[in-house]
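Here are my notes for a colleague meeting this structure for the first time. Please read them with the model open.

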Amino acid sequence: NSRQERIKEKYIELVKQYPPEQYPEEFERIRRAYETLRDPIKRQEYNLWRKHGDSIENIMLEAMEYMAQENWTKAEKIFLTLLKTAPNLTPARLGLAQVYLMKDELNPFNEQIQFLFETAELEEQWSILGLKAKLLIDVGYAEEALDILNKISVEYPEQEEACRPLFIQVYQLLDREEEAMQLIEKEIASLEQAEPDHIYLYTMWINLMAY
């Protein structure tokens with residue numbers, strides 16, 4: 001229940017007591033605590049999970065089970081109930097967005113993602129857009145996903161490489177095979193060494209060549 005000024009004072013005091021050079025583990029715990037408590041949204045989520053963690057987790061699991069059964073109505077009801085108690089509960093907000101998308105309700109889906117975007121840290125906002133594009137790709141909204149990815153390319157050019165696999169998927173959905181092939185070859189060329197995690201890339205490459 002401390003004010004932000006008091007939290008900052010205590011943070012500085014503890015950092016002096018546990019400098020990172022001598023106490024890396026303690027400092028990391030202090031830093032994580034400060035990052036949570038100085039952010040009103042993260043602080044609210046933390047307080048909520050601290051008080052009702054087990055019950056919230058059980059409710060989330062129930063909602064996910066309904067989603068697995070494609071019972072979108074019941075899943076939506078659970079997520080809405082959670083968000084009445086905690087409007088900034090990110091997992092519930094994301095789950096609700098997915099429910100709306102599966103129901104082909106794009107406007108409320110966009111509203112939920114926009115809320116996540118606006119409440120995210122500046123350095124994390126591009127990843128919210130990337131997640132939005134991925135969700136749209138998964139259900140076949142290729143044109144909409146491409147618009148999002150083009151927006152990321154313009155506003156966050158440093159994330160071009162991270163978004164390349166999503167561009168490849170979109171181009172495949174849109175039957176723009178040559179552009180997809182160019183990006184796949186560019187992605188493969190950028191790999192310093194092949195790793196097991198890259199199997200998805202080679203699979204796409206082979207499937208596209210076969211097509």
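1. Helices here are DSSP runs of H or I with at least four residues, and strands are runs of E with at least two, numbered from the N terminus. Leu-14 sits in helix 1 (residues 4-17). Leu-14 counts as partly exposed because its relative accessibility is 24%.

2. A word on the source. This is a predicted model, where local features need pLDDT of at least 70, side-chain atom pairs count only at pLDDT 80 or more, and totals for chains, interfaces and linings use all residues. Residues are numbered from 1 along each chain as its sequence is written, and side-chain values use heavy atoms, leaving out hydrogens and water.

3. Now the helix pairs. Axes are lines fitted to C-alpha atoms, for helices over the stretch in contact, and angles run from 0 to 180 degrees between N-to-C directions. The axes of helix 4 (residues 72-85) and helix 5 (residues 90-102) come within 9 Å and cross at roughly 150°. That angle makes helix 4 roughly antiparallel to helix 5. (Under 35 degrees is roughly parallel, over 145 roughly antiparallel, 65 to 115 roughly perpendicular, the rest oblique.) By class, their contact has 11 nonpolar, 1 polar and 2 charged residues. (Ala, Val, Leu, Ile, Met, Phe, Trp, Tyr, Cys and Pro count as nonpolar, Asp, Glu, Lys and Arg as charged, the others, Gly among them, as polar.)

4. Helix 10 (residues 177-190) packs with helix 11 (residues 199-210) at about 145°, their axes 10 Å apart. The residues of this contact divide into 11 nonpolar, no polar and 3 charged.

5. Which residues touch the most other members of the largest nonpolar core? They are Phe-79, Phe-109, Leu-149 and Ile-152, in a core of 52 residues. (Such a core is a set of buried Ala, Val, Leu, Ile, Met, Phe, Trp, Tyr and Cys residues joined through side-chain atoms within 4.5 Å.) Helix 7 (residues 125-138) gives the most to this core, with 7 residues. Apart from it lies another core, of 5 residues, among them Tyr-11, Phe-27, Ile-30 and Tyr-34.

6. Leaving aside neighbours within four places in sequence, Phe-109 is in contact (heavy atoms within 4.5 Å) with Ala-97, Tyr-100, Leu-101, Lys-132, Leu-135 and Leu-136.

Key
Buried < 20%, exposed > 50% of the residue type's maximum accessible area, 1.4 Å probe, protein only.
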